[in-house]
Structure formats: C-alpha cells, structure tokens
Amino acid sequence: MANQNDSFIDEVTEDLRRDRLFGLFRRYGWIALLVILGIVSGAAWREYASSQAESRARAWGDAVLAARQGQDPITALSAVDPAGSAGRKLLAEMLAAGAEAEAGLPQKAAERLKAAAAGLRNDAVLRDLALLKAVMVAGAAMDAAERDQLLADLSKPGAPFELLALEQKAVALIGAGRTEDAVMLIGQIQQKDGLSEPLRRRLSEMMITLGVEPDHSEGPLPQAMPAPAAN
C-alpha cells in the first residue's frame, strides 16, 4: 500500500511540475522566442553586410583598375567613388599622385597628397602616410623648410612611420652634402627596434654608398638631429 501511495504522490508531483513548466513557458516563452529570433536575425544581417562590403570593395577595385588603364588616369582616379571609405579615398589619391609624379609633376603630386592628408585629421596613421608619401614624391623639389618640418613631425618617437621618416631625413642630409651627419643618423636608425629587413638593407646600402662599412656592434648613438634645409 505504501508503494502505491508513493507512486501516486510521484505522479501528482510530476504533473504539478509539468503544469508549472507549461505555465512558465506560456508566460515567458515569448522572451526565449525573441532571443532566438534576435540571434538568427543578427547572423543573417552580418552575412548580408559582409556580402555587401565585399561587393563594394570589388566594384571599387574594378573601377580603380579601369581608371589606371584609361587615357587620363589622374582625372579618372580622382573621380572614383570611395563609397565612404577614407582608406580607399587615400589609396586613389596616392595612385593619382604616383601618376602625376611619373608625368614629371612631383610638386603637384605632393600637393595632392597634402590635401588628402588635411582631410584625415581623425586618422593619424593615414594622415602620416599621406604626408610621408608627399615628402618622398616631391623629394628635393619640396620647399626645404616645409620638408624639414614635416619630417620632424613624422619622425617623433612613437609616430606610425617614425623609422621611414628618419630614413628620409638621412636622404635629405645626403642631398645637402652633409655626409658625416647622414652616417651618424643612419647609425642611430640601425640601433632602433622594429627595423624591417628591407629598411635595414636600404640603410646598409646607403652606408656603403657613403663609403662606410656598416657596423652593428656599437651601442645606440646620440639623438638624431633634424634634417637640414637643402642648398
């Protein structure tokens, strides 16, 4: 008899538990449904957004290739729609500046890059990239004082392109005929952390061209001096 009573109690308890569960589901089940719908909708939206971004990038790349192969690549590249991307806009401007430099217009190319940099005040990396490219494109054709000021800013410790800017300082020193200062600066750059292999190789080649055998055994040299104005 006890076993029958226990079995009856268990059945009643199970029914009560089931009724309570169904009651909770009826009351709060819509929340779980919303969560599931949100997860599914979010995944679908991410997939759609990714597909759209890929399509825009592909369309932009095709437009850039077509512009470069046209009769007037400079104008065509400037007209390519970056679709709201600052990076794409800068890349198009850099390609247009490269075409201007190849056409014998380095100063115009530099002005284009400086104008592009002016519109990138909220993106230090892209801004510095545009300014560094402007210095490299213009070379000795850029006003010496302006070049020195740009390189001083671009080569500050921690700047995105510090080492490349220092390299351009060395190039400016060589152009000004200050060989000893150039050798000292190159030595300082070689002692810095984070040198890429191509940059290390270029610095060694510059030392050899200046008639000095590169020496990596010495400790850090004094702080680099600013690049001088070209004569």
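This is a predicted model: local features need pLDDT of at least 70, side-chain atom pairs count only at pLDDT 80 or more; totals for chains, interfaces and linings use all residues.

Trainee: How are α3 and α5 oriented to each other?

Mentor: Helix α3 covers residues 86-102 and helix α5 residues 124-138, and they pack at about 0 degrees with axes 11 Å apart. Axes are lines fitted to C-alpha atoms, for helices over the stretch in contact, and angles run from 0 to 180 degrees between N-to-C directions. Angles under 35 degrees count as roughly parallel, over 145 as roughly antiparallel, 65 to 115 as roughly perpendicular and the rest as oblique. So α3 and α5 are roughly parallel.

Trainee: Which residues of α5 make the contact with α3?

Mentor: Contact means heavy atoms within 4.5 Å. On the α3 side, the residues are Ala 86, Gly 87, Leu 90, Met 94 and Ala 101. Their partners on α5 are Leu 126, Leu 129, Ala 130, Lys 133 and Val 137.

Trainee: And what is the orientation of α3 relative to α4?

Mentor: The axes of α3 and α4 come within 7 Å and cross at roughly 170 degrees. That angle therefore makes α3 roughly antiparallel to α4.

Trainee: How many charged residues are in the contact of α3 with α4?

Mentor: The α3 side includes Glu 93 and Glu 100, and the α4 side includes Lys 108 and Arg 112. Asp, Glu, Lys and Arg count as charged, Ala, Val, Leu, Ile, Met, Phe, Trp, Tyr, Cys and Pro as nonpolar, and the others, Gly among them, as polar. The contact has nine nonpolar residues, no polar ones, and the charged count is four.

Trainee: Is Asp 123 buried, exposed or partly exposed?

Mentor: Asp 123 lies in the loop between α4 and α5, and its side chain reaches the backbone nitrogen of Leu 126 at 3.2 Å. Buried means under 20% relative accessible area, exposed over 50%, and partly exposed in between (1.4 Å probe, protein chains only). Because its relative accessibility is 29%, Asp 123 counts as partly exposed.

Trainee: How far apart in space are Asp 123 and Gly 87?

Mentor: In sequence, Asp 123 and Gly 87 are 36 residues apart. C-alpha to C-alpha, their separation in space is 9.6 Å.

How values were computed. Residues are numbered from 1 along each chain as its sequence is written. Side-chain values use heavy atoms; hydrogens and water are left out. Helices (H or I, at least four residues) and strands (E, at least two) are DSSP runs, numbered from the N terminus. A polar contact is a pair of N or O atoms within 3.5 Å; within protein, one must be able to donate a hydrogen and the other to accept it, and residues adjacent in sequence count only if both atoms are side-chain atoms.
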